[in-house]
Amino acid sequence: MDRIRDILSMRLSFLAVILVSHIIYNPTNSGAVSLTQQTIDMTLASNELVFINFYADWCRFSNMLMPIFDEAADKVTEDFPDAGRVVMAKVDCDKESAIATRFHITKYPTLKVIRNGQPAKREFRGQRSVEAFASFVKKQLEDPIKEFHSIKELTELESAKRIIIGYFDRRDQQEYNMFRRVAGNLKDDCQFHVGFGGASEQMHPPGQPVIVFRPDKDRSNADDETYMGKMDNFDEMHVWISNKCVPLVREITFENAEELTEEGLPFLILFHKPDDNESIKKYNDLVQNELLSEKQTINFLTADGKKFAHPLHHLGKGESDLPLIAIDSFRHMYLFPNFKDMDDPGKLKQFIQDLYSGKLHREFHYGPDSDDGNNNHKAPTNPPSSTFKKLAPSRNRYTLLKDEL
């Protein structure tokens, strides 16, 4: 009997160890999953979509949101039980300050989507309810690619977005899975189409899938551009398609201004009359040919000067002064002195460099630097204040900023 009791005791001890290990490494399915510095990278790498609530315990808005987000997490887990599809997670930004810094969290709560390991450009700003969160996740997991069944269908495509087309033998190809992942990340910027088997066989050799970019309508005479990189390399494919989908020069509108300000780069803006396509084309060509090296430091934008009359007013200009170019640094606005000077090679690039050297700010406050290097400036002046910073995320929405504490 003693031996039997010893055996039973050992087995119970073993089961207890197994149970504790399971609890530690497999947290409860109830509510959002808590991420730490030790678990976040594995979670991001092993799931198609991770929806994260970055919160702080002392923030009352975070505390109001937490039970709603946890309940939504349970619903999402029920709707999408397959491993690797989606995880709703949360990060305590006080305890995990390194994660908060990594994702540039400055306000609480912040809701971010990470798809295939890469943060989406847009924060979640929809309604904060269980139904809204669940609906948002469902939409994010919809197939981002439209299938065509004959080449003829590709001649009838109509889209305001740029178009990426994939030609594959089968849906179960590894290369197609990679294409689908990239499409999921960039579906807001491009429209994706795919054909399999007989629908696309005339467009690619057997066993060799092809991906192409179809240029904009205003370049309809241009041929499709073919992706020449590795089909099994997510990063390489993502960079190529991203460069094709996201224009170097974008139009700023009241709908996308908040998103653009969140990118944190100053704006170089062409203000134009609504029907002035010639100036827009000239500006696009100049940016592509002369300013490509500056794309990591500044956002190139066009703006309808009639709609954005308020920034023009701050510059002392009106619709009759269009077209004109200005930089908005989110602190001040600086006017490019003469629009026609953009035709002089290097002139607009120097204007951008003068922003980062501090010359624009210095000269607007104290007058032009002297040619002899003796910068004894005249009385200070006040450059126009930024107007686009007012289109950034509201300081009064469902969150607190660190610098308000």
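Okay, one definition to start: a salt bridge here is a side-chain nitrogen of Lys or Arg within 4 Å of a carboxyl oxygen of Asp or Glu. Keep that in mind, and keep in mind that what we're looking at is a predicted model.

Let's begin with Lys-281 and Asp-285. Their side chains meet in a salt bridge, at 3.0 Å from N to O, so that pair sits inside the 4 Å cut-off. Both residues belong to helix H10, which covers residues 277–290, and they're four residues apart, about one turn of the helix. Are they buried or exposed? Lys-281 counts as exposed, with 54% relative accessibility, while Asp-285 is partly exposed at 33%.

Now go to helix H3, residues 60–79. Here Lys-75 and Asp-79 are again spaced four residues apart, about one turn of the helix. Their side chains form a salt bridge too, with 3.7 Å between N and O. Both ends are partly exposed: Lys-75 has a relative accessibility of 36%, and Asp-79 has 38%.

Next up, Glu-123 and Arg-125. That salt bridge comes in at 4.0 Å, N to O. What about the surroundings of each partner? Arg-125, at 31%, is partly exposed.

So far I've talked about pairs, but there's also a network. Which residues does it link? Glu-48, Arg-85, Arg-115 and Arg-180 are joined together by salt bridges.

And how many salt bridges turn up in the whole structure? The search finds 15. The Lys-281 to Asp-285 contact we began with is one of these salt bridges. That's my tour, thanks.

Technical notes. Residues are numbered from 1 along each chain as its sequence is written. This is a predicted model: local features need pLDDT of at least 70, side-chain atom pairs count only at pLDDT 80 or more; totals for chains, interfaces and linings use all residues. Side-chain values use heavy atoms; hydrogens and water are left out. Helices (H or I, at least four residues) and strands (E, at least two) are DSSP runs, numbered from the N terminus. Buried means under 20% relative accessible area, exposed over 50%, partly exposed in between (1.4 Å probe, protein chains only).
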